Every structure is written in C-alpha cells, then in structure tokens.
Number of protein chains: 2
Amino acid sequence: MTRPVVISIDAMGGDHGPSVAVPGVAIAVQRLAGRDVRYLLHGDAALIEAELARHPAARAVSEVRHTDRAVAADEKPAQALRRGKGTSLWNAIEAIRDKEADAAVSAGNTGALMAMSKLILRMSVGLDRPAIVASWPTARGVSAVLDVGANITSDATQLVEFAIMGAAFHAAVHSKDRSRRSTVGLLNVGSEDVKGHEEVREAGRLLRETSLDLDYYGFVEGDDIAKGTVDVVVTDGFTGNIALKTAEGMAKHFFVPIIRETLTSTLLAKLGAVIASGALKQMKGRLDPSSVNGGPLLGLNGVVVKSHGGTDAKGFANALKVAADLAASDYAEQIARNMDRFGAALPGVQAAAAEGAE
Amino acid sequence: MTRPVVISIDAMGGDHGPSVAVPGVAIAVQRLAGRDVRYLLHGDAALIEAELARHPAARAVSEVRHTDRAVAADEKPAQALRRGKGTSLWNAIEAIRDKEADAAVSAGNTGALMAMSKLILRMSVGLDRPAIVASWPTARGVSAVLDVGANITSDATQLVEFAIMGAAFHAAVHSKDRSRRSTVGLLNVGSEDVKGHEEVREAGRLLRETSLDLDYYGFVEGDDIAKGTVDVVVTDGFTGNIALKTAEGMAKHFFVPIIRETLTSTLLAKLGAVIASGALKQMKGRLDPSSVNGGPLLGLNGVVVKSHGGTDAKGFANALKVAADLAASDYAEQIARNMDRFGAALPGVQAAAAEGAE
C-alpha cells in the first residue's frame with residue numbers, strides 16, 4: 001500500500017486567502033482523482049472551516065491547523081523571519097521538516113517564503129542557493145525557465161546547479177516520456193562561444209565537460225524560449241525575472257487587448273467572433289496564466305511551491321498539482337545524483353581550465 | 001530653401017541586398033512625400049540599376065556609387081575592420097563623414113556596422129559607447145528600449161548616457177508632442193530602491209539628482225514595457241537583447257500560431273475568420289514586426305540605422321524613415337545639451353555619494 005502524499009498549505013497567503021485556497025483544493029481533488037493526496041490547511045480555523053463547509057470533497061481530505069498569525073504581503077524577509085514563528089506560512093513549511101507533510105504551497109510573500117524555507121528546511125547537500133522556476137508555455141509544450149527572481153547574480157557553478165535542478169524539475173512535472181533526459185540551454189545573446197558574460201561562458205564549459213544525467217544543448221537566445229528549443233532554460237534571476245515579466249506583459253497588455261479590440265471593432269468582426277467563439281474560448285484557455293501557475297523553490301530539503309498572489313482557484317489547484325507531482329517523483333534523488341557527479345568532476349575540470357588559461 | 005536630407009544606403013547588406021533595399025526606397029518615397037529626401041546607393045551598380053529600372057520613383061531621387069566589395073554576414077567585426085575599406089558598408093558610413101550624406105542605413109552585419117561606425121564617425125563628445133535602440137510597440141504607442149545588444153555590461157554612467165540618448169531619440173522619432181519631455185525608466189526586478197544590481201541603483205540615484213531635460217520615472221519592471229509606462233526603457237545590452245528577443249519569440253512562435261490555429265481549427269471558426277477578415281488583417285498589421293523595423297546606433301557623430309537582415313521592403317522603408325526623421329531633428333543637439341548638464345553635475349553628485357557612503 002502506498003503512503004498518501006500530504007500537501008501543507010499556507011491558507012492565509014495571497015490576495016484572497018482561504019476563499020481561493022479551499023476552492024483550489026476542491027479542484028485539485030477532481031484533477032488528482034485516483035491519487036491519494038491529503039491537505040493540511042494552516043490559518044484561521046473559522047475562516048477555513050466556513051470555506052470547507054461549501055466544498056465537501058475538499059473537506060473529506062483536509063485537516064485544519066489553527067493559527068491566528070499570518071505574514072503580511074509587504075513584510076521584509078528579515079522582519080518576517082524574526083517574528084514569523086507560529087504564522088500560517090511558518091507552520092506550513094515546518095510541517096515538512098516534522099515529516100507531517102511532503103510539500104508546502106503558499107500564495108504569500110515570496111521573500112518571506114524563501115527566507116523561512118531556507119532556515120527551516122536548509123539546502124540540499126552541495127547546493128548553494130534556492131532558485132525559483134517558471135513553467136513557460138511554448139510552441140512545443142512547457143519549458144522550465146530558472147532562475148526567475150531568487151538570485152540577482154549567479155556565478156558559473158550556480159548556473160550549473162540551476163541546470164541540474166531544472167532538468168530534474170522538468171522530468172518530474174512536464175515530461176511526457178520519463179525515460180528521456182531533459183535538454184538544457186544557457187540563455188545568452190548569441191550562440192557562439194565567445195559571446196555573453198564570463199559566468200555564462202564558464203557555465204557552458206562546465207556543462208560541456210561534466211558528464212551529467214542531462215543533455216546540454218548549448219547557448220540559446222530569447223526567441224528560443226517560446227520556440228521550445230530546449231526543456232530547460234538557465235539564466236540568472238535578474239535576466240530571468242525580466243524575461244518572464246516582459247513576456248507576461250506582452251500577453252496581458254498587448255496581444256490579448258489587440259485580439260479583443262480586433263474582434264469587437266466592427267459589426268462584421270463581432271459576427272465572425274460569435275461564430276468562432278468555441279475556438280476563441282479554447283485559445284483563451286491556452287493563453288490563461290493560471291494554467292501554468294506554481295513556481296517551485298528548488299534546491300531545498302523538501303518541496304516548496306510558490307503560487308501567484310493574485311491567482312484564482314484553478315491556478316491554486318495547478319500549484320497544488322505541481323507540488324503533488326514533485327513530491328511523488330524521484331526529483332530529489334536525480335538532483336542528488338547529478339550533484340555527486342558534478343562535485344566529483346569539478347576539481348578536474350577547474351584544473352584543466354586553470355591550465356588552459358596559463 | 002531647405003537643404004535635402006541625404007540617406008546613404010549599404011545596398012548589399014542583409015539577406016536580400018538591392019532586391020529589398022531599392023523597393024524599400026520606392027516605398028519611402030511615397031511615405032515621405034512632401035519632404036526632400038535623396039538616396040545614395042552603395043554596392044554592385046549593375047544589380048542596383050536593374051532594380052531601379054523597375055522603380056522609377058526611386059530612380060528619380062537616387063544616385064548609385066559602385067563597389068564590388070561587400071562585408072559578409074558572418075564576418076567578425078575585427079576582420080571586417082581590417083579589410084572593410086571600400087566595401088558598400090564602409091562607403092555608406094564614410095559618406096556621412098565626408099558630408100555627402102546625413103544618415104546611413106544598412107541591413108548588414110551588426111558587429112561590422114558598429115565597429116566601422118565608431119572608427120569612421122567617432123563618438124559624440126562625452127559619450128562612451130554607442131547603444132542600439134529598439135522601437136517597441138506598446139499598449140499606448142511606441143516606446144524606445146535601449147541598449148538591446150551593443151554593450152554586454154554597462155556601468156551607472158553608461159546607463160545614464162543611454163537615458164539621455166533614448167530620450168532624444170524618442171522625442172525625435174516617436175513623440176506626437178515635441179514640446180513634451182520624454183519619460184525614462186530603468187529596467188529592474190522591483191520598484192523599491194533596494195532592489196537590483198548596484199549599477200542600476202546607482203544610475204537611479206544619478207538620474208534623480210541630476211537636472212536633465214527628461215522626466216525620470218524610477219524603476220520599471222518587465223511588464224511595464226508592453227504597458228507603455230514610460231517612453232524610454234533603459235537597460236544593459238545583455239538584458240535588453242534577451243527581453244527583446246523573448247518578446248519577439250512569443251509573438252512569432254506562440255501568439256500568432258495560436259491565433260492562426262484557433263481560426264482554422266473548425267469549419268465554424270473558419271467561417272467566423274472569413275467574416276472578421278478585415279479586422280484580422282488590421283490586427284496582423286499591428287503585430288507586423290516590419291512596422292517598427294529600424295534600430296539606430298545612438299551616440300555617434302552621425303545618424304546610423306540598422307535594419308533587420310531579413311526584413312522586407314516595407315520594413316526597410318521604415319528604417320529609412322527613422323533615419324530621415326533623426327537626420328531632420330535636433331536630437332544630436334538635445335543629447336549634447338543633456339551631456340553638458342550631466343558632465344557639469346557629475347562631480348558634485350559623486351562627491352555627495354562618497355560622503356553618504358562614509
């Protein structure tokens with residue numbers, strides 16, 4: 001008999017708290033039908049129970065852990081750490097350390113989530129800093145892009161660690177063929193070896209010369225992300241955050257409004273839109289950001305998933321599914337295996353580099 | 001009587017050479033009707049004349065300068081410099097230095113264009129390195145984003161120079177109200193002063209504390225580009241190149257294919273698309289990259305505009321219009337005026353910073 005997967009939820013996080021988290025659980029129950037997943041909901045018991053009363057399917061697989069303290073959305077990470085013990089966010093993460101849960105999900109304060117996760121769970125052996133990974137819809141499916149905001153700068157070794165973490169994440173959550181190794185590209189401004197920042201070129205050399213359980217593709221450029229050229233796009237958190245928000249902004253403020261305007265601009269266009277409405281609805285679904293909501297913090301001893309603060313129940317359910325998939329996968333073992341290989345190879349590779357530089 | 005504006009063209013550059021450049025001139029003649037603009041076409045005279053024979057309107061305002069040498073698309077900048085003299089690209093730029101032309105346009109090798117322009121024209125007084133500016137379609141119109149690839153790293157002073165160059169460019173080419181000062185934002189991963197790279201924060205301080213002829217807005221994030229929050233978005237060439245190509249990739253490989261698929265997925269959708277075809281055609285026009293083609297190299301003693309290598313005649317005509325607009329404007333004077341103010345203010349601002357750091 002397999003043990004159930006338990007997901008610990010900060011029910012007070014995000015713009016909507018339990019009124020999105022609980023309906024999110026209800027949707028996840030449907031979507032994960034056939035899998036034994038349970039939920040630990042941390043926060044104001046009265047509010048959570050009121051929501052659960054309306055969602056009996058969620059009620060049946062949930063347990064509520066009361067606390068009347070929560071981390072504010074604008075709290076600085078250092079402050080959140082100092083006074084964070086006993087908050088819904090803290091308790092949600094602590095449940096992983098105490099072996100009560102396999103994964104934690106929060107739509108709350110990203111900085112606080114990151115700081116508390118590092119403090120309570122610690123980094124996996126050999127890894128330096130956590131990375132936030134985005135699931136990016138592409139022409140071919142979904143690619144993983146990381147880091148998208150946890151680290152403003154990253155040296156070559158950290159970029160290789162992102163490659164290892166991203167490959168394991170993509171295989172666990174997005175791959176249709178689990179036996180295929182993830183392909184990994186380094187985001188750069190050109191495909192030639194001489195281009196880009198020193199740390200990106202050095203990371204390319206390390207990935208080429210170290211035998212890891214992933215397929216290193218080489219440098220990719222910005223337009224390769226949407227093309228789906230590789231499964232995993234690796235970059236520093238500054239560049240990744242700006243690329244992600246630029247693309248989200250183009251969708252929200254440029255493409256979708258133009259499509260809307262176009263189809264309501266004339267009576268004929270309106271008629272055409274009505275006739276094509278089924279197809280247009282389907283298109284809206286593919287452009288819906290909630291369909292890819294759920295950005296895990298990779299590299300910790302435990303699965304921690306950040307949901308967008310403003311997401312709806314469907315988006316929150318998606319973050320829960322990402323957490324369940326990661327918790328049920330061997331992604332932590334794959335990271336550990338690759339980190340072993342990388343650690344063993346590193347001295348030789350670095351010595352060769354030093355010799356080459358002489 | 002006003003002097004004509006003369007644009008010098010590297011007719012051999014780009015994927016298509018004279019077969020795009022000459023029809024591009026013909027379209028520009030129509031679009032710039034009422035303005036006295038002439039063209040100097042550098043390259044293989046036989047090929048160029050053959051094209052001109054088919055475009056009498058272009059023929060009437062063009063002069064051909066023969067050379068049988070051209071820079072290859074894949075030539076390294078250093079190599080292009082060594083053997084570049086006498087090529088169509090070199091001659092096109094040299095015409096500015098020799099006062100035969102007011103601006104040069106090429107769809108050829110970007111690195112060679114940059115290197116030759118710096119060598120032949122030199123930088124404007126006080127400016128350190130050229131920047132490439134992109135004209136980015138937004139919800140509100142067109143914003144200028146720079147640098148998008150000329151400089152991999154940029155210190156705080158260079159970012160301020162980009163702000164000055166971008167503000168002058170936007171006012172000259174995109175502003176509808178020439179008396180309004182351009183608004184400028186620094187691209188960052190958050191709006192608070194404590195976020196982002198040291199050089200971005202320092203540039204923010206310099207822009208806040210120096211009285212320049214532009215409106216400094218503060219930090220902007222990736223999604224502010226498409227929103228059109230500011231007229232000018234300033235960033236280093238690594239981040240800018242990746243943001244631009246990421247957005248272009250989303251348009252080309254994700255949004256446009258989804259729209260196409262949606263509207264041809266079922267018979268009803270097809271019927272709807274036919275009925276709405278006028279509106280859809282208009283939408284395609286707004287998403288058409290050739291409508292914003294033409295990325296000037298700013299900061300040189302002279303106007304140099306890079307066209308996409310693969311652009312069509314319409315796109316090349318747009319690059320010619322950008323060149324004509326810049327050449328006819330006071331943008332060089334505006335840059336010089338702001339550089340004077342910045343140069344005068346800099347010692348005081350830096351001393352204050354050093355004191356603050358103590």
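In chain B, helix 1 and helix 2 cross in a right-handed manner, where a crossing counts as left-handed if the near helix is turned anticlockwise from the far one by less than a right angle, and as right-handed if clockwise. Helices here are DSSP runs of H or I with at least four residues, strands are runs of E with at least two, and both are numbered from the N terminus.

Before I go on, please keep in mind that this is a predicted model, in which local features need pLDDT of at least 70 and side-chain atom pairs count only at pLDDT 80 or more, while totals for chains, interfaces and linings use all residues. Residues are numbered from 1 along each chain as its sequence is written, and chains are lettered from A and ligands numbered from 1 in the order in which they are written.

As for confidence, chain A has an average pLDDT of 89, with 93% of the residues scoring at least 70; pLDDT is the predictor's confidence in each residue, from 0 to 100. For the complex, the predictor gives an ipTM of 0.87 and a pTM of 0.89.

Back to the pair in chain B: helix 1 (residues 18-31) and helix 2 (residues 45-53) of chain B pack at an angle of about 40 degrees, their axes being 9 Å apart. Axes are lines fitted to C-alpha atoms, for helices over the stretch in contact, and angles run from 0 to 180 degrees between N-to-C directions. Helix 1 of chain B is therefore oblique to helix 2 of chain B, since angles under 35 degrees count as roughly parallel, over 145 as roughly antiparallel, 65 to 115 as roughly perpendicular and the rest as oblique.

Now to the contact between the chains, to which chain A and chain B each bring 52 residues; two residues are in contact if their C-beta atoms, placed from the backbone, lie within 7 Å. On the side of chain A that touches chain B, helix 10 of chain A gives the most, with 21 residues.

Across this contact, helix 11 of chain A packs with helix 11 (residues 267-275) of chain B at an angle of about 170 degrees, with the axes 7 Å apart, which means that helix 11 of chain A is roughly antiparallel to helix 11 of chain B. Among the residues that meet there are A:Leu268 and A:Leu271 from helix 11 of chain A, and B:Leu268 and B:Leu271 from helix 11 of chain B.
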